[in-house]
Amino acid sequence: MKLVDPKIDALIDKKMVNMNFYPTCPNPDLTVGVGRHSDMGTITVLLQDGIGGLYVKIEEDMRFGKKGEWVEITPTPGALVINVGDMLQVLSNKRYKSAEHRVRTTNTTSRVSIPIFTIPKLTEKIAPLPHLVEKDGIAHYREFLFADYMKNFFGNAHEGKKSLDFAKNVDSS
């Protein structure tokens, strides 16, 4: 399927499927299923089981939480969770923000999650869309190759959304 904008088509060139198994842990506070991070790709589609364990960090005060709080995303039978990834945040010049999230284990039962990640070609140049930069008056991110972003993402410990610092435009506030 091709979308309207060829640039957007290029940002969802590849799809990767993970199947994550989180065994029961007698003391979940002593372990992490997956540490805090944002997804490096464009969009992530997640099928959760009914157990729960996905938490999202609130970036600004909202009706269901205060800035900095972790909120559990309660599974809804038959529903998919859609996460905005870092590449969509860059492309949209911060209009859409990638979600910082983590996964916790439980002490009652093992759980499974199946995310599908959409990512650009390794050779794709990533930058904010020009018409958004023109409208905003500034590019919040510089142009870079997705392969370089991936190397940075996997080459450093995950610290929330710190991976996006790699792409920040030094002239951006």
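Let's begin at D86, a residue of helix α2, which spans residues 86-91. Helices here (H or I, at least four residues) and strands (E, at least two) are DSSP runs, numbered from the N terminus. Before going on, a word about the model: it is predicted, so local features need pLDDT of at least 70 and side-chain atom pairs count only at pLDDT 80 or more, while totals for chains, interfaces and linings use all residues. Residues are numbered from 1 along each chain as its sequence is written, and side-chain values use heavy atoms, with hydrogens and water left out.

Is D86 buried or exposed? D86 is buried, at a relative accessible area of 0%. The cut-offs are these: buried means under 20% relative accessible area, exposed over 50%, and partly exposed in between, with a 1.4 Å probe and protein chains only. Setting aside residues up to four places away in sequence, D86 touches S38, D39, M40, G41, S98, Y149, F153, S163 and L164; a contact here means heavy atoms within 4.5 Å. With S98 there is also a polar contact, side chain to side chain, at 2.8 Å. That term stands for a pair of N or O atoms within 3.5 Å; within protein, one must be able to donate a hydrogen and the other to accept it, and residues adjacent in sequence count only if both atoms are side-chain atoms. K97 is 11 residues from D86 in sequence, and their C-alpha atoms are 7.4 Å apart in space.

Now zoom out for a moment. The protein has four helices and 11 strands. Of its 173 residues, 40% are buried. Take the contacts with a separation of 6 or more: 76% of them are between residues 24 or more positions apart. The protein exposes about 10100 Å², with carbon and sulfur atoms supplying 57% of that; such areas come from the Shrake-Rupley method with a 1.4 Å probe, and for residues, only the protein chains shown count as cover.

Next come the strands. Four of them form an open sheet in the order β3-β8-β5-β6, with antiparallel pairing; two strands pair if DSSP finds at least two bridges between them. β3 (34-37) and β6 (70-72) stand at the edges with a single partner strand each, so one side of each has no neighbour in the sheet. On average, neighbouring strands of this sheet are turned by 20° against each other, direction ignored. For such angles, axes are lines fitted to C-alpha atoms, for helices over the stretch in contact, and angles run from 0 to 180 degrees between N-to-C directions.

Within that sheet, β5 (residues 54-57) is joined to β6 by three bridges and to β8 by three bridges. K57 stands opposite W70 in β6, and Y55 has R102 in β8 as its bridge partner.

Another antiparallel pair is β4 (residues 43-48) with β7, over four bridges. Here I43 sits opposite V84. The face of β7 (residues 81-84) with V81 and N83 is covered, and the one with I82 and V84 is uncovered.

Finally, look at the loop between α2 and β8 (101-103), where N93 is found. Most residues other than glycine have a negative phi. N93 has a positive phi, near 55°, and is buried at 2% relative accessibility. K94 lies in that loop too, with a positive phi near 80°, but K94 is partly exposed, at 29%.
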